[in-house]
Amino acid sequence: VWSSCLKIIKDIVEWQHFKTWFEPINPVELKGNVLMIQVPSQFFYEYLEEHYVNLLAKTLKRELGKEARLEYRIMVDSGNTNGRNGSMDVPASNMKTYNNNEMNFPLVIDNPVKNPFVIPGLKKMQIDPQLNHMYTFDSFVEGDSNRVARRAGKTVAEKPGANSFNPLVIYGGVGLGKTHLAQSIGNEVKRLHPGKVVLYVSSEKFINQFQDHSRNNAINDFIHFYQLIDVLIIDDVQFFSRAEKSQDAFFAIFNHLHQSGKQLVLTSDKPPKDLDGMQERLLSRFRWGLSADLQIPDYEMRIEILEKKMKNDGLDMPKEVVKYVAYNINTNVRELEGALISLLAQSSLNKKDIDVELAKKVLRNFVKTSSKEITIDAIQKMVCEYFDVSYDKLLQKTRKREIVQARQITMYLAKAFTKNSLKTIGEHFGGRDHTTVIHSCQTVKDLMDTDSIFRENVMELTQKVQLAAM
Ligand code: ADP
Ligand code: MG
């Protein structure tokens, strides 16, 4: 019995924790539905009780039925089970009689002086949510490129399961913050609702776990475990495309959780509709909630991200260097951080101050820097080609919607990808003034939130501009 419990537990808790807290446990005896285990110390017992009681309860119930009970024997000192006064180690306040609650799973200490008492404290299942505490909403800079996703994430964290973003699907290219945002949701749920059972898992890990269980004919255990979670976060679901059977398990889990008002958060490197190899029944469920994308941050937001990182790490460098890096690294946030780190490393290695000269050297070796300065003219040309509009028309005072929109997008891209002032940008559009540029940028942002075709056009153009700048 114990070894099948361990098998399940092993997949659920982190390897290190498993080694520390579960391997040292000795099963002592099984009498009917009562399993007695021996743990090395009082502290050990308390830790298990605090962190893993419900995991133990659930797994044991699965093996021994609803009436399963777990009793502990605490080894006092080194392996001496007949220790002096083990019961005294437990504060009297803990000596309450266990009152039947929903878990119906009393924990009994079989203490050395044969004075068993029962303890309360059956909280919800405790599992390690696998969250990295660095990834919080606080450290996740908000901007146009991620506003919708970030706000939806906040809502989800505040009211998990009880919002219309279920599932919340966050998608976007590599290094744009999917994992950071997904983990922030988990951390925020834990902060606001400590009792909720949260689990973050990559789809690869999910698939591996599934395949292990499948080999051991334990698919039901696998599915049952996942059905106990309140907020399930699965990162990089695109990897499900290659795993048909795992999709079946995921489907069962999804349905159960969704029906019980539990929250699902998924991330993907492409929009759900482009997830080839994903079952249609899953895709249709993804549409039940909200899909929100992460875009490449614009120049100003890149500056903000760099400044935030520096502040968090207690670092400093001249503003002009920050600007130089932000301008030149326009691929994704991971690259941006990478550039910052190489710059700091180079500076300390060569004992040189960080200045634009050094930044130039470092970024030159940095793989994906833009070598060319993209110009407003170049962007205009690209947009004209994309929409099949003539350059003259782009500049004229026409009210034709297609042309107005093309012009607004061009201004928006010019602001995001060149260092020109609003005034200069306006001048490139037949002498319009800077307020027109501001208005255009705002319109583009608004339309991107409401009009998905428009949004896709802008995204595609953004990519073209970025490629041209590399
Ligand atoms: P993805 O999962 O989309 O590949 P990550 O979440 O791993 O991307 O993000 C890459 C790096 O960029 C991480 O270090 C993350 O903290 C950082 N990052 C991404 N977006 C932001 C943001 N808006 N503010 C601050 N840091 C960010
Ligand atoms: Mg990721």
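What share of the 470 residues in the protein chain is buried? In this predicted model, buried residues make up 38% of the chain. The protein chain holds 19 helices and ten strands. Among its contacts with a separation of 6 or more, 73% link residues 24 or more positions apart.

Ligand 1 is surrounded by 16 residues. The closest are Gly-177, Lys-178, Thr-179, His-180 and Val-333. Two elements, α5 (178–192) and α12 (333–349), each give two or more residues to this shell. By class, the shell has six nonpolar, seven polar and three charged residues. Domain 2 (147–294) and domain 3 (299–365) both contribute residues to the shell, so ligand 1 lies between them.

Several backbone features stand in loops. Most residues other than glycine have a negative phi, and most peptide bonds are trans. Asn-166 and Pro-167 are joined by a cis peptide bond, with omega about 5 degrees. Pro-167 sits in the loop between α4 (147–158) and β6 (168–172).

Gln-130 is not a glycine, yet its phi is positive, at about 65 degrees. Gln-130 belongs to the loop between β5 (117–119) and α4. With 17 other C-beta atoms within 10 Å, Gln-130 is partly exposed. Asp-236, also a residue other than glycine, has a positive phi near 60 degrees. The loop between β8 (231–235) and α8 (244–259) contains Asp-236. Asp-236 has 18 other C-beta atoms within 10 Å, so it is partly exposed.

How values were computed. Residues numbered from 1 in each chain as written. Chains lettered and ligands numbered in written order. Predicted model: local features only at pLDDT ≥ 70, side-chain atom pairs only at ≥ 80, totals over all residues. Near = placed C-beta within 6 Å. Helix = DSSP H or I, 4+ residues; strand = E, 2+ residues; numbered from the N terminus. Nonpolar A, V, L, I, M, F, W, Y, C, P; charged D, E, K, R; others polar. Domains from an automatic or database assignment. Buried ≥ 20, exposed ≤ 12 C-beta atoms within 10 Å, placed from the backbone. Contact = placed C-beta atoms within 7 Å.
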